[in-house]
Every structure is written in structure tokens, then in C-alpha cells.
Amino acid sequence: MAKGKKVTVIGTGNFGSTVAFILAMNGTCHNVVLRGRNYDVTKGKALDMSQAANAARQHTIVKAAKGPEDMAESDVVVITAGAPRTPGMSRDDLLVMNADIVKMYAKEIKEYAPDAVVVVVSNPLDVMTYVALKYTGFPRERVLGMAGILDAARMAHFIYEKLEYGAGQIRATVMGGHGDTMVPLPKFTTVAGVPIDDLLDSEEIGEIVKKTRNGGAQIVNLLGDGSAYYAPAKSTTVMVDAILKDTNQIHSCAIMLKNDYGYSDIVSGVPVMIGAGGAEQVIEMTLKNLQVRKFKASVESVQEMVDTLHELKFFDDLK
Amino acid sequence: MTGRKVGIIGAGAVGATAAYSLSMMGTCKEIILFDIAEGVAQGKAIDIGQSTHYAAQPTVITAAQTPADVKDCDIVVITAGVPRKGDMTRADLLLINAKIIKSVITDVMKYSPNAIIICVSNPLDVMTYVIGRITGWERRRIIGMAGALDGSRMAYQIYKKLGYGSGQTGALVIGDHGQNMIPLPQKVKVGLIPTTDVLTDEDFEDIIERTKNGGAEIVKHLGTSGYYGPGRAIAFMVEAILDDTQSVVSSSVLLEGEYGYSDVTVGVPIVLGANGIEEIIEMTLNTKTREKFKVSVESIREGIEILEENGFFDS
């Protein structure tokens, strides 16, 4: 039999801690390694979670990493590290600060966990996924960004608020970048197979799209100090589960495009089939003209940020 | 609904598998099994009861000695009835099962007067209608299990074509629970993608055909009807009611003007919750689907007509 699964979570803020906690509660893997900047705090959280796993009658052991070598033999490494977005701060403001952090961890993963699938959740998401791909040097199927699952979950919630039924059965579709230019696709949305058009009028659907786009910012403003982490963490573990259990399920994830949807050498959110090897297949949906235009705008906004990093000679050490 | 007590009448393979599925999920506080065959309910109740040691939540499983023991249930699942045998006509089967249902329902009305009834007996739509007529209860409390199963069979066929997306496929089958059922694979999604982007018209035809024959295909291999799919589908509906999930699932329900029909039970998407049927969803059907739906309704009405002609509802 294969060995028990191992997941390393980099970053022990609310996001990373909640990811590790969900994994421990569900018994998705046998080992979770938490990698944080402060070893004592990280160890405290790891102990607390290991004890919770026992209360939940689960087998998962959570440990704190002393150094990058503790990532060895991870099946999945989740990068949550990075400065959070504070009120008034755009995703772009975070760009350079977080690119440096992701670069550092990507190099460590390359050295210590060269067979892992990397799940990036640091913002701005699409660019950070791009940075992680470049600095791990992994094939694109093993470096994925978590965005579409969260955005679709938010959209599904706003649809539920209108309908007041079907919670958990609403299949929403969101493509493109995880930012102000995300592309929600309400026409593709169903509730247990029933098309959304049969349940809501176009004005209501328009309102839902608007709320979805603003979903992250709404929570940032309400919390006052920090951003959302319950839905983001759960969405991340959906990806981790799909990889560890080799589910071959379809999820919207950020991935490097290679002649997909007409683009190459840029990361954006598209439907992929996730299995043990990461994104084993990119699936091309038929988009209408308006959707094609919105997707283009989304890709371009990510490209601009990548260009900014190039101008700052961020990638020069790759050569 | 504090007791979370579910009665299952008919402890054959379908009834017992529903009980087992519910026990493993820990959905109910108590499940009571009844069967006319002596010992069957008792033996299965003990076996399932012992398996709950490894379940996430505790469930008490008991066997009823008499119909009177199936009392004060929140939900009663009715799987009673005989299968169609070689020399039986459709009318024969209808009359035999309608009589069984009548006797079962008389007891349910007496001993679990506030229950929501999930009908699983065949022919499904007509038996659901029979229960509605005999009880005279509000339609929200009488639900036929059909679309939950047929939909899962359709989802399975879609997965077989694609080789991915298991468990992520929408399930949508309307119409009767028989040869005129209307699977709608073109309307659903696999994860976030519309099936129309990954399947051809030929695929859809094949999926529809295989979904319709989903039950028969299992009989061909097994020599008897399937019960894992039906058992789990029943459990899903019980969970929706007990947990008040407000889930959308196709079910056979009495129409009162919806889709242009009245006084007939047929499969349509409903919202299922603590009150039973919380809402009936009226989808926009294209002309072709409307015609198929009409054929479906007529085939159910023919069954009801046979019972009327034989004076079944007279007493």
C-alpha cells in the first residue's frame, strides 16, 4: 500500500490555519505540516489541531515545521503566505511584496518537495501562481491557483439568498482572474440541474453577479482588520481533497494557459480536471462573444501585473 | 420534528438498504422496520443495529411486530408491493399493489397520523396518487421517490461517457417513473461546465436511452431489481426532510395546475424540506419536452383510470 498522504501548509495566519484544521477534521491526509515564521506559535497551533483530530476520532497528525526540509515528501504544498489585503488596498498593491515571499517559498518547494502539487492562494492570485510556476520550474499541471471555487461558492451563496432553497446544490461558474475582472457566467448556472433563468429574472441575476465580484471586498470591509478565510480555506481543501483522492472532478482553477482559450504564457482561471497529478486536463467551454471579451479583459489585467514585475526586473534571477 | 423517527414498511432489499444508508449517515434518531414476512425485519434490524457501532452518529434500529408498532413516525417510507411476474397484466399488478398500499396506508393514518409519506412502491406515480386519494392529506405530505433515483442513474451514465466528474453531475429527470420518463442531460452541468460543451447529440441520445433502461439493465445482470441506488435515493430524501435542507429534487407529486395539469401525480422538480414539498418548480420546457411530458402524464392517467374502472376508489 502507498504511504499516508502528507500536506504542507505554508503560512499560519487565519487562512493557512483554517486549511490545516479542515484537513485534520476530515482526515483527508495522515500528516499535515504547518510552516510558519514563528515556530512556537506554529507548534502551539499544530498541537491544538492534533488534539482536535483526536476529539473528532480522526487519524491526522499536525506538526510544525522547523525548517523547509520538513516539507519533504509532501503530496501537496499550499502557499498561503503573504501580506493580507487591508481596507482600501487593492490586490495590485500587494503585488511586489507578496511576489518576493512566494518566490522564496517556491524555491524551497523546488528543492525539498520536488514531486508535490502546489496550490497557491496568495494574492494577487493569478500572478502569484505565475511566480510559483516560474520559480518551482514544475510542469503547469502541478502549480494551481485557488480562485474559481471560492468565487463560485460566493456566487452560489448570493443565488441562495435570492431563492432561499437549493443550498449546496447550486452549481455556479466563474472564470478568469481572481480579481475585479473575474468572469461570473450566470447563464451556465443551475440548481440541481434546473437552469437559473427559470428561477430568477435578469435583474436579480445582474445583482448577483455584482455581489459576487464584490464578495471579497464586502467581507474585508465588515471585518475591518483582515480578509475572509472560512470560504477560502474550504475552497482550498476542495482542491487538496481532489488531488489526494484522485477524484477526476472538474473545478475552476488558475493555471498557466498553453494555447487554451487562445492564450499562452499567462495564468487565468479555467475549468480543469483535478487528479493525483494536479490539473490533468484543461477543459475548453464554448464562450459567447461577450464572455470572450470579458475573459480577454481579465487575462489582460493579469498580464499587466506580470509586465510590472518584468519592468522591476523581478524575474531576472531566473536567467 | 424532534424525534427524527422514520418508519420503513417493507424490509426487502430496498427498504433495508435505505435503513442501512440512513444509519451509516446518522440522519435519524430511530428507524423502525416492518415486513409481513416473519423474521425479515427483525433479522435485518439486528444486523444494521450492530453495524452502527462504526457509524459517525448513533441510530436505534428496531423491528415492528405489528403495523401498530410503526407509530408516531415523522416519515414513513413505503416500499411494500409485489413485482410484476410473467403472466401478470399491467392491470393485475396495479390492482394487487393498490390493495396492498390501501391496507398499509390505513395503518399509517392510524398510527403515524402526522407523517410525511415517501412512496417507493410501483407503479410509482399511480401508487403515489393512490396514497394521496386514500389519505386525503395535503399534497405536500405525499411524495413519490422517482427522480432522485432516475437522476442519479442519468448522472452515472454521463460519468460513464466522460470518465470524469463523478459526483459533480446534475440530476434532472421529469415525467413518469417508467418507459416514458424524460431525462434531461442537456440541461445539467458537470462541475462548472455545461454538458453540451463536452457531449454530442449522439451521446445525449445514448444517455437518455440508458437512463430509461437503468432499472432493466440491473435486472438483466442480477435477476432482480437494483436496491443500492433506490436505497440511497430514499435516504437522500429523508435527509432533506429531517434536516430541512430545502433541496431541489425531482419527485412524483400531485399537480394542481402546474405544468398545465391537475389531479395527476408525475415527476417534476420540487423543493424538499421539513414540510415535505415546500415548492414545486415550474421549468420552461421546450415544445418537444412538453409533448413528451404529455405522453408521460397520459400513461399515468391510464393507470389511474384502470383503478377507477375497477371501482378501487369507490369505498
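This is a predicted model: local features need pLDDT of at least 70, side-chain atom pairs count only at pLDDT 80 or more; totals for chains, interfaces and linings use all residues.
## Chain A as a whole

Chain A is built from nine helices and 14 strands. Its radius of gyration is 19 Å, which is close to the 20 Å that the globule rule gives for 319 residues, and chain A is therefore as compact as a globular protein of that length. Taken along the principal axes, the box filled by the C-alpha atoms of chain A is roughly 55 × 50 × 45 Å.

Of the 319 residues in this chain, 52% count as buried.

A:Val299 is a residue of helix α9 of chain A, which runs over residues 289-311.

Leaving aside residues up to four places away in sequence, A:Val299 touches A:Tyr263, A:Ile266 and A:Ser268. Although A:Val299 and A:Val267 are 32 residues apart in sequence, their C-alpha atoms are 7.6 Å apart in space.

## Helix α3 of chain B

In chain B, helix α3 covers residues 90-111, and its 22 residues reach 31 Å from the first C-alpha to the last, close to the 32 Å expected at 1.5 Å a residue. The buried residues of α3(B) are B:Leu93, B:Leu94, B:Asn97, B:Ala98, B:Ile101, B:Val104, B:Ile105 and B:Val108. These residues lie on the same side of α3(B), because they cover an arc of only 145° around the axis. In general, an α-helix has 3.6 residues a turn, so residues three or four places apart point the same way.

The buried residues of α3(B) pack against several elements of chain B, namely the strands β1 (5-9), β4 (75-78) and β5 (116-119), together with the helices α4 (124-135) and α9 (287-309). On the face of α3(B) that is turned away from its buried side, the exposed residues B:Ser103 and B:Lys110 are found.

## Where the two chains meet

Between the chains, 26 residues of chain A are in contact with 30 residues of chain B. At least two residues of the side of chain A that touches chain B come from each of β10 (190-191), β11 (194-195), β12 (249-260) and β13 (263-275) of chain A, and β12(A) gives the most, with four residues. Sorted by class, this side of chain A has 13 nonpolar, ten polar and three charged residues.

Key. Residues are numbered from 1 along each chain as its sequence is written. Chains are lettered from A and ligands numbered from 1 in the order in which they are written. Two residues are in contact if their C-beta atoms, placed from the backbone, lie within 7 Å. Ala, Val, Leu, Ile, Met, Phe, Trp, Tyr, Cys and Pro count as nonpolar, Asp, Glu, Lys and Arg as charged, and the others, Gly among them, as polar. The expected span of a helix is 1.5 Å times one less than its number of residues. A residue is buried if 20 or more other C-beta atoms lie within 10 Å of its own, exposed if 12 or fewer, and partly exposed in between; C-beta atoms are placed from the backbone. The arc is that of the directions from the helix axis to the C-beta atoms. The radius of gyration is taken over C-alpha atoms; the globule rule is 2.2 Å times the number of residues to the power 0.38.
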